[in-house]
Amino acid sequence: MALDKKNLKIGIVTFFYANNYGGVLQAYALQKCLKDNGYESEFVNYIPDEDLNFKQKIKEFLKFLLGKKAKLNPFNEIFKKFVTENLGVGKKIYTKKELTQTKYDLLIASSDQIWNTKLNRENTAYFLLDFGNIKIKKISYASCIGQPEQIEEFKHYFHELEKFDSVSVRNDFSKEFVDAYGVNAFVACDPTMLIDFVGFDKEYKLPFKEYILVYSLNMSLETLLNDSLKKVEEKLNLPIVVLNSKYKAKVNIEHFSVDNATSEQWVWLFKNASYVVTDSFHGVIFSLKYEREFL
């Protein structure tokens with residue numbers, strides 16, 4: 001599919017607004033890769049309400065009724081700052097009607113778990129690019145269904161893939177799922193593997209040079225995490241650095257906690273770790289990227 005780079009308007013649909021290191025880094029990487037190859041793009045700035053934390057919205061609304069100013073969440077502010085300074089984002093779109101009126105020459109559904117119906121539910125169609133002019137070219141780059149089991153009532157949306165010009169996914173079980181709809185998909189690497197992040201990392205000041213880095217997103221693995229970490233610590237005899245996300249890892253042995261790392265510092269901590277313990281997809285990707293031994 002050859003497209004003229006000049007005046008080509010590309011819209012990217014993904015979790016660029018996520019309070020998640022992997023989410024914003026894969027978004028940054030794809031846009032930078034496109035730019036490095038001569039293509040300008042922007043993130044489609046439509047954020048479905050269902051992707052926002054419902055309890056948080058209720059809390060903020062109650063604060064509004066009581067005339068109280070909402071307190072800033074430092075973790076959320078870190079990602080807002082990253083998006084503002086590093087990503088090219090289109091104008092805010094508030095309604096589905098506005099979304100259908102967007103004018104792009106090419107739409108890219110990009111990476112992360114954008115097709116996970118247990119995560120997105122009613123927004124599945126949006127992440128399958130069910131909007132815009134019928135002449136718009138549509139592709140998927142390294143998208144993922146998150147898990148093999150999908151919610152039955154939303155599975156019919158995947159017939160939208162028949163309208164795509166090219167479909168790639170980031171793992172085998174996503175390919176098997178997509179193939180079932182008669183779509184010829186192929187497996188591609190995550191966007192974070194497409195660029196080198198040269199000059200992107202920024203040092204996080206630690207009281208030691210060598211360390212075991214822990215990055216955990218699944219709290220149900222708490223017992224397994226701690227048992228495994230104890231074995232690694234005994235073998236390597238190094239201090240433990242726990243890199244927290246919005247899900248605070250429950251590590252019950254002595255450690256140094258990093259609670260407010262920027263995305264640049266997150267990359268630096270992986271790049272300089274002596275060993276990594278993680279249950280995160282992007283934790284594994286960056287361990288491989290910087291040739292760190294990991295569990």
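These questions and answers cover a predicted model of a protein chain.

Reader: Which element of the protein chain has the lowest mean pLDDT?
Author: Across the protein chain, the mean pLDDT is 89, and 90% of residues reach 70 or more. Among the elements, strand S2 (residues 41–43) has the highest mean, 98. Where pLDDT is low, the predicted coordinates should not be read in detail. The lowest mean, 57, belongs to helix H2 (residues 54–65).

Reader: Are helices H1 and H9 roughly parallel or roughly perpendicular to each other?
Author: The axes of H1 (residues 21–36) and H9 (residues 263–271) come within 10 Å. They cross at roughly 100 degrees. Angles of 65 to 115 degrees count as roughly perpendicular. H1 and H9 are therefore roughly perpendicular.

Reader: How many nonpolar residues are in the contact of H1 with H9?
Author: H1 brings Tyr21, Val24 and Leu25 to the contact. H9 brings Ser263, Trp266 and Val267. By class, one residue is polar and none is charged, and the nonpolar ones number five.

Reader: How many residues of strand S3 are buried?
Author: On one side of S3, Leu106, Ile108 and Ser110 are buried. S3 (residues 106–110) is largely enclosed by the rest of the structure, because its buried residues number five of five.

Reader: Which residue in S4 is the bridge partner of Leu107?
Author: S3 pairs in the parallel sense with strand S1 (residues 10–13) over four bridges. There, Gly11 stands opposite Leu107. S3 also pairs in the parallel sense with strand S4 (residues 137–143), over five bridges. In S4, the partner of Leu107 is Lys138.

How values were computed:
Residues are numbered from 1 along each chain as its sequence is written. This is a predicted model: local features need pLDDT of at least 70, side-chain atom pairs count only at pLDDT 80 or more; totals for chains, interfaces and linings use all residues. Side-chain values use heavy atoms; hydrogens and water are left out. pLDDT is the predictor's confidence in each residue, from 0 to 100. Helices (H or I, at least four residues) and strands (E, at least two) are DSSP runs, numbered from the N terminus. Axes are lines fitted to C-alpha atoms, for helices over the stretch in contact, and angles run from 0 to 180 degrees between N-to-C directions. Angles under 35 degrees count as roughly parallel, over 145 as roughly antiparallel, 65 to 115 as roughly perpendicular and the rest as oblique. Contact means heavy atoms within 4.5 Å. Ala, Val, Leu, Ile, Met, Phe, Trp, Tyr, Cys and Pro count as nonpolar, Asp, Glu, Lys and Arg as charged, and the others, Gly among them, as polar. Buried means under 20% relative accessible area, exposed over 50%, partly exposed in between (1.4 Å probe, protein chains only). Two strands pair if DSSP finds at least two bridges between them.
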